[in-house]
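Let's take a walk through this structure together. Have the sequence and the 3D view ready, and follow along.

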Amino acid sequence: MAQKPGIPKGTRDFSPAEVAKRNYIFDTIKAEFQKFGFQPIETPSFENSDTLMGKYGEEGDRLIFRILNSGDFLQKSDKKALQAEDSLKLAPSISEKALRYDLTVPFARYVVQHQNEIDFPFKRYQIQPVWRADRPQKGRFREFYQCDADVVGSQSLWQEVEFVQLYDAVFSALKLEGVSIKVNNRKILSGFAEVIGESDKLIDFTVALDKLDKIGEEGVKKEMEEKGIAGKAIQKIEPVFNLKGDFKTKIESLKEILADSEIGKAGIKELEFMAHAIDELPLKTAKLELDVTLARGLNYYTGAIFEVAAPETVKVGSIGGGGRYDDLTGIFGLKNVSGVGISFGLDRIYLVLEELGLFPEAVTERTKILFINFGENEALYALKAIKKLRENNITAELFPDAAKMKKQMNYANKRNIPFVVLAGESEVQQESYTLKNMQSGEQEEVDFELILQRL
RNA sequence: GUGGUCGUAGCUCAGCUGGUUAGAGCGCUGGAUUGUGGUUCCAGAGGUCGCCGGUUCGAACCCGGUCUUCCACCCCA
């Protein structure tokens, strides 16, 4: 029986047109990565579970796709957990591998494992799919590509500056205007928690603060209360909710708020450094904004935090993110290696470009010229010309069957092929070609050299 | 993981409070037009109404489950 085929939730097939557009984005990003001196690496699509589990917080573990052991996996399973129907305890005994959840943790693993072959600072980029057992939504899939660039082995703040430039370079190359690069610093957030005396609740505090633009000031306060942050502390942090003005104005306000926090002041210094550098190295199309509520991303960020917002007219959430993590490789036993990196969300960038009509026309136009098939002799005659055209870097093809003219022309039409050659008996005899421009409808009898000229 | 939502031809969608042979537009195939497409005209093919079960004399329509889509939360690219 034929079964109705389908693909898993949150995955997609890509048509030729979609692949062409996706490649356009990949190629653009790749070209900029390379210009900035990043080198590509690749890592396996699945890792040992130990490498991934526990690296993304409690929520993260839930979203990791686990791979069931092969063979008689129940044989080696944790019988106690099985008996107790305790999935959480049972899982590690029947699953030793898991699909890659992001590119950063595998990269950290890579750095530790290859530390003796790597020349630091190491700048790598990586474009590969990742998998998350999430519930799909618009722009959220269970299989999607990440495009990451990271530097490890340098604490220099110039890297942060470079990444802002890199973001700007990529979005400029994609002709995407209205992008805003939001930055914050973990030290600022730590400073906030410190001055209100809630340092131990830093994560709850920042997660709540992050929702300011979504649930508003009252919503944030309510969530902070629910998480057990003192009313007085919340009052004290109120000025943060209403930071106004440009980058520098906000920094001046921060200086007052964080006057009593050493770590907070360190954060301010870093932000000022970046602001000053970007002043001197102005961005082409993107805007740099300070957003002190920005806390998203993984809890391992220690310094700068980046998030890129799509132009306001397109509602797809963030199209990129990143930050500084001082001790990422520490979890794999390599201490004191600082890293900083950014990520581009290919699928969301795709949605944005699509919605704004920013894909170049040429991206989908492929075959330039189609030869009509009139039969065996004529097909061979056509292929001789096609071979020469290809040597001249022109995409040319022959319709494979000597089908009806209408069918062949229609095929050219639908595939958007701009030129068609009709070469039948008489053309073969005269060693000529009837070249037809499909857009204008004009046609002329020409020799091979003229075809080259016309294309 | 929690709550909700959608699912009818390849695509976009009609289909009355359950009632016989489930429709349209676009697309597709063939013809008008045996070396000329995009326009027009004519004809035709194509549907287990997501899937499974239940209620009913009778289900695309009501009920339950399941899968998928989208949305909110969680989290995030």
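Start with Lys9, which, apart from neighbours within four places in sequence, is in contact with Pro136 and Arg142 (contact means heavy atoms within 4.5 Å). You'll find Lys9 in the segment before α1 (16-35); helices (H or I, at least four residues) and strands (E, at least two) are DSSP runs, numbered from the N terminus. Lys9 and Arg142 sit 133 residues apart in sequence, yet their C-alpha atoms are 7.4 Å apart in space. Is Lys9 buried or exposed? It counts as exposed, because its relative accessibility is 52%; the cut-offs are under 20% relative accessible area for buried, over 50% for exposed and partly exposed in between, with a 1.4 Å probe and protein chains only.

A word on what you're looking at: this is a predicted model, where local features need pLDDT of at least 70 and side-chain atom pairs count only at pLDDT 80 or more, while totals for chains, interfaces and linings use all residues. Residues are numbered from 1 along each chain as its sequence is written, chains are lettered from A and ligands numbered from 1 in the order in which they are written, and side-chain values use heavy atoms, with hydrogens and water left out.

Now turn to Glu47, in strand β2 (residues 46-48). Glu47 counts as buried because its relative accessible area is 6%. Its side chain makes a polar contact of 2.5 Å with the side chain of Arg109. (A polar contact is a pair of N or O atoms within 3.5 Å; within protein, one must be able to donate a hydrogen and the other to accept it, and residues adjacent in sequence count only if both atoms are side-chain atoms.) Beyond its neighbours within four places in sequence, Glu47 also touches other residues, including Leu52, Glu96 and Pro106.

Arg109 is one of the buried residues of α6. Why is helix α6 (residues 104-113) described as largely enclosed by the rest of the structure? Because nine of its ten residues are buried. The cover over those buried residues includes β2, α2 (49-52), β5 (122-131), β6 and β10.

Next, look at the rings. Rings of Phe, Tyr and Trp (its six-membered ring) pair if their centres lie within 6.5 Å; planes under 30 degrees apart count as stacked, over 60 as edge-to-face and the rest as tilted. By this rule there are 18 aromatic pairs.

On the base side, a backbone N or O atom of Met438 lies 2.6 Å from a base nitrogen of RNA strand B, and for Gln439 a backbone N or O atom is 3.0 Å from a base nitrogen. Helix α16 gives the largest share of the surface near RNA strand B, six residues.
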